[in-house]
Amino acid sequence: MSMEESVFLTFDEAREAVCIDFEQYGPQPDQLRRVMEILGAGHSLPEDEPMGGVARTLFALHRPGPDKLLDICTEVFWTRALPGSGPGGEPGLFVATDMERFECTRCGMCCRALDFHRECTAGDVRVWREAGRDDILEWVRPEADGTYRIWVRPGSELVAEVCPWLTQEPGNVWACSIHDLKPGVCKEYPGSRKHAYKTGCPTARPRCRVG
């Protein structure tokens with residue numbers, strides 16, 4: 001597995017990534033049961049408890065060693081995971097993104113349907129300021145907690161339902177009119193094949209089983 005096709009996670013980061021996975025997507029009962037089985041915690045899910053909370057409780061009560069954590073990551077992320085060491089020599093796991101054969105078809109779904117309005121960073125804003133792009137900054141609203149919100153219609157409190165920088169081209173394909181300056185959240189999407197699949201990308205086809 002090459003570095004370009006994978007993400008390195010320390011063991012603590014891997015456990016947290018598993019919990020976040022259960023928090024950010026819809027119910028994944030089959031995978032959570034499999035995690036419970038790997039940890040030796042049975043397979044009966046608690047009723048009326050968020051799956052992310054169940055995962056955190058499981059890790060607190062049954063802290064997995066490297067081998068079990070590798071099996072859990074393989075199961076939860078629908079991909080390959082291998083033990084290894086990070087840049088600083090810290091032990092952890094390399095988790096494949098499974099994106100090496102992913103090809104964007106420019107369907108525009110991610111720009112039209114996903115909730116990205118609170119994902120703007122101070123770094124994004126700095127880039128737009130340095131580029132003198134006041135037209136972009138007009139759509140950015142600073143929040144009281146120091147964060148930023150995009151894309152807020154100028155002169156209002158309403159966020160745009162569709163990205164204002166999305167343009168349709170001949171052949172029913174879509175393009176970003178600020179491609180070189182688009183926010184980091186857009187540049188990084190989808191990050192992994194499972195994330196693409198779970199957020200509705202029609203071209204994403206996970207190689208491992210879907211649960």
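Biologist: What makes Arg-106 partly exposed rather than buried or exposed?
Modeller: In this predicted model, Arg-106 has a relative accessible area of 35%. Buried means under 20% and exposed means over 50%, so Arg-106, at 35%, falls in between and counts as partly exposed.

Biologist: How do you know whether Asp-98 is buried or exposed?
Modeller: Asp-98 has 3% relative accessibility. The limit for buried is under 20%, so Asp-98 counts as buried. Asp-98 also belongs to a network of salt bridges with Arg-80, Glu-100 and Arg-193.

Biologist: Why is the pair of Asp-12 and Arg-15 called a salt bridge?
Modeller: The closest N and O atoms of Asp-12 and Arg-15 are 2.2 Å apart. The cut-off is within 4 Å, between a side-chain nitrogen of Lys or Arg and a carboxyl oxygen of Asp or Glu, so this pair passes. In the background, side chains of opposite charge can pair when their charged atoms come close. A search of the whole structure turns up 15 salt bridges.

Biologist: Where do Asp-12 and Arg-15 lie?
Modeller: Both are in helix H1 (residues 11–24), three residues apart, about one turn of the helix. An α-helix has 3.6 residues a turn, so residues three or four places apart point the same way. Still, Asp-12 is partly exposed at 49%, while Arg-15 is buried at 9%.

Biologist: What makes Glu-23 and Arg-56 a link between distant parts of the chain?
Modeller: Their side chains meet in a salt bridge, 3.0 Å from N to O. Glu-23 is in helix H1 and Arg-56 in helix H3 (residues 51–61), 33 residues apart. Glu-23, at 44%, is partly exposed, and Arg-56, at 32%, is partly exposed as well.

Biologist: What does the salt bridge of Arg-141 and Glu-157 tie together?
Modeller: The N-to-O distance is 2.1 Å. Arg-141 is in strand S4 (residues 141–142) and Glu-157 in the loop between strands S5 and S6, so the pair ties together parts that are 16 residues apart in sequence. Arg-141 has 18%, which is under 20% and therefore buried. Glu-157 has 56%, which is over 50% and therefore exposed.

Biologist: How do you know which side of H3 the buried residues are on?
Modeller: The buried residues of H3 are Met-51, Gly-52, Val-54, Ala-55, Leu-58 and Phe-59. They span an arc of only 160° around the axis, so they are on the same side of H3. On the other side, Ala-60 and Leu-61 are exposed. What covers the buried residues includes H1, helix H2 (29–39) and H4.

Biologist: What describes the crossing of H1 and helix H4 (residues 66–77)?
Modeller: Their axes come within 10 Å and cross at roughly 30°, and the crossing is left-handed. Among the residues in contact are Ala-14, Val-18 and Phe-22 of H1, and Leu-69, Ile-72 and Val-76 of H4. By class, this contact has 11 nonpolar, no polar and two charged residues.

Key. Residues are numbered from 1 along each chain as its sequence is written. This is a predicted model: local features need pLDDT of at least 70, side-chain atom pairs count only at pLDDT 80 or more; totals for chains, interfaces and linings use all residues. Side-chain values use heavy atoms; hydrogens and water are left out. Helices (H or I, at least four residues) and strands (E, at least two) are DSSP runs, numbered from the N terminus. Buried means under 20% relative accessible area, exposed over 50%, partly exposed in between (1.4 Å probe, protein chains only). Axes are lines fitted to C-alpha atoms, for helices over the stretch in contact, and angles run from 0 to 180 degrees between N-to-C directions. A crossing is left-handed if the near helix is turned anticlockwise from the far one by less than a right angle, and right-handed if clockwise. Contact means heavy atoms within 4.5 Å. Ala, Val, Leu, Ile, Met, Phe, Trp, Tyr, Cys and Pro count as nonpolar, Asp, Glu, Lys and Arg as charged, and the others, Gly among them, as polar. The arc is that of the directions from the helix axis to the C-beta atoms.
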